[in-house]
Amino acid sequence: MTRTQISMEREMLQKARQRAGALRISLAEYVRQLIARDLGADAGGNDVGAVFDLGGSGGSDVARNKDAMIAEALGRGGA
């Protein structure tokens with residue numbers, strides 16, 4: 001990637017930051033997606049946010065129970 005600098009009115013910048021926050025992406029990613037869409041390019045190629053909120057955990061706590069979950073998946077019983 002190449003770094004660049006842009007200037008805009010304060011109100012527009014504030015609204016853009018709010019929109020990016022609502023989309024749960026950075027302002028830079030928001031601007032990249034807008035430019036890619038305008039130019040007809042695929043903006044979804046590098047969006048790591050696409051892998052979040054794809055499903056439910058069913059209430060499991062992987063951070064707390066990972067050892068037992070790995071042992072169960074390997075057929076070794078509980079940890």
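A salt bridge here is a side-chain nitrogen of Lys or Arg within 4 Å of a carboxyl oxygen of Asp or Glu. With that in hand, welcome to a quick tour of this protein, which holds two salt bridges. This is a predicted model, in which local features need pLDDT of at least 70, side-chain atom pairs count only at pLDDT 80 or more, and totals for chains, interfaces and linings use all residues. Residues are numbered from 1 along each chain as its sequence is written, and side-chain values use heavy atoms, with hydrogens and water left out.

**Overall build**

- The protein has three helices and zero strands, where helices (H or I, at least four residues) and strands (E, at least two) are DSSP runs numbered from the N terminus.
- Read from the N terminus, the order of elements is α-α-α.
- Of the 79 residues, 10% are buried; buried means under 20% relative accessible area, exposed over 50%, and partly exposed in between (1.4 Å probe, protein chains only).

- Glutamate 11 and lysine 15 join their side chains in a salt bridge at 3.2 Å, N to O.
- These two residues sit four apart in helix α1, so about one helical turn separates glutamate 11 from lysine 15.
- Glutamate 11 and lysine 15 are both exposed.
- Methionine 12 also belongs to helix α1, which covers residues 10-22, and it is partly exposed because its relative accessible area is 48%.
- Together with Ile6 and Met8, Met12 makes a nonpolar surface patch with about 290 Å² of accessible area.
- Patches are built from residues with over 30% relative accessible area and no salt bridge, joining like charges within 9 Å and nonpolar side chains (Val, Leu, Ile, Met, Phe, Trp, Tyr) within 5 Å.

**The loop between α1 and α2**

- Arginine 24 is located in the loop that runs between α1 and α2.
- The phi of arginine 24 is near 60 degrees, a positive value in a residue other than glycine.
- For context, most residues other than glycine have a negative phi.
- Arginine 24 counts as exposed because its relative accessibility is 64%.

**Helix α2**

- Arginine 32 and glutamate 29 meet through their side chains in a salt bridge at 3.0 Å, N to O.
- Both residues lie in helix α2 (residues 27-39), three residues apart, about one turn of the helix.
- Arginine 32 is partly exposed at 35% relative accessibility, whereas glutamate 29 is buried, with a relative accessible area of 12%.

Terms used:
Accessible areas come from the Shrake-Rupley method with a 1.4 Å probe; for residues, only the protein chains shown count as cover.
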